[in-house]
There are 2 protein chains.
Amino acid sequence: MNESKPLIRRCTEADWPAMWPLLRATFEAGDTYAFSPQSTEAEIHAVWMAAPRATYVAREGDGPVLGTYFIKANQPGLGAHVCNCGYVVAPEAQGKGLASAMCEHSQKEAEAMGFLAMQFNLVVSTNERAVRLWRRLGFEIVGTLPGAFRHMRLGLVDAFVMFKTLD
Amino acid sequence: MNESKPLIRRCTEADWPAMWPLLRATFEAGDTYAFSPQSTEAEIHAVWMAAPRATYVAREGDGPVLGTYFIKANQPGLGAHVCNCGYVVAPEAQGKGLASAMCEHSQKEAEAMGFLAMQFNLVVSTNERAVRLWRRLGFEIVGTLPGAFRHMRLGLVDAFVMFKTLD
């Protein structure tokens with residue numbers, strides 16, 4: 001990233017037209033997120049923009065959206081001190097540290113919002129790059145869900161629950 | 001249960017007025033479910049009646065609701081082959097096998113709906129009776145979430161992720 005590190009900021013509805021193609025392509029691949037590969041724009045807008053506590057983009061001016069993530073409470077009421085995030089990095093930005101930068105950004109944001117921990121509910125076990133990255137950033141695999149993800153190419157594969165207590 | 005085993009059936013809106021006081025009292029205790037103890041009737045109706053794939057009651061005629069449970073997909077799209085259920089038993093019906101009967105009923109229903117597995121996302125570790133029961137019914141603790149439940153009397157306690165592959 002270094003000098004080319006893109007700005008990570010809260011998104012607005014004005015960013016959505018540039019976010020949706022990235023999200024659509026990500027979910028269509030069917031290898032990282034449970035969202036149906038046939039999800040409509042309205043469905044993904046609801047889960048990525050409307051439902052979360054906050055949504056962010058990595059984007060310079062009107063340039064391409066290089067990444068996006070959301071923060072939300074993972075459970076209601078008595079579980080709402082643990083947050084959940086989802087991250088997507090554009091193909092052209094991969095391998096440059098943006099996922100790591102967004103995850104660290106999200107942890108700071110989550111702490112500022114008062115969250116005490118962060119949980120990922122369904123990390124696809126075959127997504128080794130993600131698993132390695134989350135581990136490097138302090139997340140632990142606290143559970144394994146047998147065959148819980150229907151991978152578009154590989155069929156049913158295990159998924160991990162990953163968890164990090166925030167500072 | 002035996003000869004006094006109550007009928008477990010799909011509920012209708014006509015059952016709701018008798019379901020809500022039981023659900024309210026359960027969630028107000030703040031020791032088993034994450035739903036806020038201050039949840040409104042509309043909020044709980046949304047999660048217990050409207051959102052799930054199906055909701056059931058254990059009730060004879062117009063008698064008291066002795067128990068209720070819901071079934072829903074635990075994740076969208078590529079995780080939607082795993083279901084999630086929530087169960088509540090009325091105080092006067094506890095210790096008579098109704099939770100066990102509802103869980104077995106829910107597994108049959110879930111299989112008929114095509115679900116391949118059942119997952120509980122936040123089993124409060126101090127709810128030993130529930131943990132023991134789910135284990136007896138074939139669920140395994142596949143994950144431990146540190147301090148993920150804010151117990152009304154005990155403060156932050158661990159929660160378990162429990163999982164069972166259906167037949």
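In this predicted model, the axes of helices α1(B) and α2(B) come within 11 Å of each other and cross at roughly 100°. Angles of 65 to 115 degrees count as roughly perpendicular, and α1(B) and α2(B) are therefore roughly perpendicular to each other. On the α1(B) side, the contact is made by B:Trp16, B:Met19, B:Trp20, B:Leu23 and B:Phe27. Their counterparts on α2(B) are B:Glu41, B:Ile44, B:His45, B:Trp48 and B:Met49.

Helix α2 of chain B spans residues 41-50, and its buried residues are B:Ile44, B:Trp48 and B:Met49. Viewed down the axis of α2(B), these buried residues fall within an arc of 95°, so they line one face of the helix. An α-helix has 3.6 residues a turn, so residues three or four places apart point the same way. The other side of α2(B) carries the exposed residues B:Ala42 and B:Ala50. The cover over the buried residues of α2(B) includes helix α1 (16-29) together with the strands β2 (54-58), β3 (67-73) and β4 (82-89) of chain B.

Helix α4 of chain A comprises residues 128-136, and its axis comes within 11 Å of that of α3(A), with a crossing at roughly 45°. The helices α3(A) and α4(A) are therefore oblique to each other, and their crossing is right-handed. In this pair, A:Ala99, A:Ser100 and A:Cys103 of α3(A) meet A:Leu133, A:Trp134 and A:Arg136 of α4(A).

| Helix pair | Axes come within | Crossing angle |
|---|---|---|
| α1(B) and α2(B) | 11 Å | roughly 100° |
| α3(A) and α4(A) | 11 Å | roughly 45° |

A:Ser100 lies in helix α3 of chain A, which covers residues 98-112. Buried means under 20% relative accessible area; at 12% relative accessibility, A:Ser100 therefore counts as buried. Neighbours within four places in sequence aside, A:Ser100 is in contact with A:Leu133, A:Arg136 and A:Leu137.

The same surface serves both copies, as 100% of the contact residues of chain B recur in chain A.

Methods:
Residues numbered from 1 in each chain as written. Chains lettered and ligands numbered in written order. Predicted model: local features only at pLDDT ≥ 70, side-chain atom pairs only at ≥ 80, totals over all residues. Heavy atoms only, no water. Helix = DSSP H or I, 4+ residues; strand = E, 2+ residues; numbered from the N terminus. Buried < 20%, exposed > 50% of the residue type's maximum accessible area, 1.4 Å probe, protein only. Contact = heavy atoms within 4.5 Å. Arc of directions from axis to C-beta. Axes fitted to C-alpha atoms, helices over the stretch in contact; angles between N-to-C directions. Parallel < 35°, antiparallel > 145°, perpendicular 65-115°, else oblique. Left-handed = near helix turned anticlockwise from the far one by under 90°.
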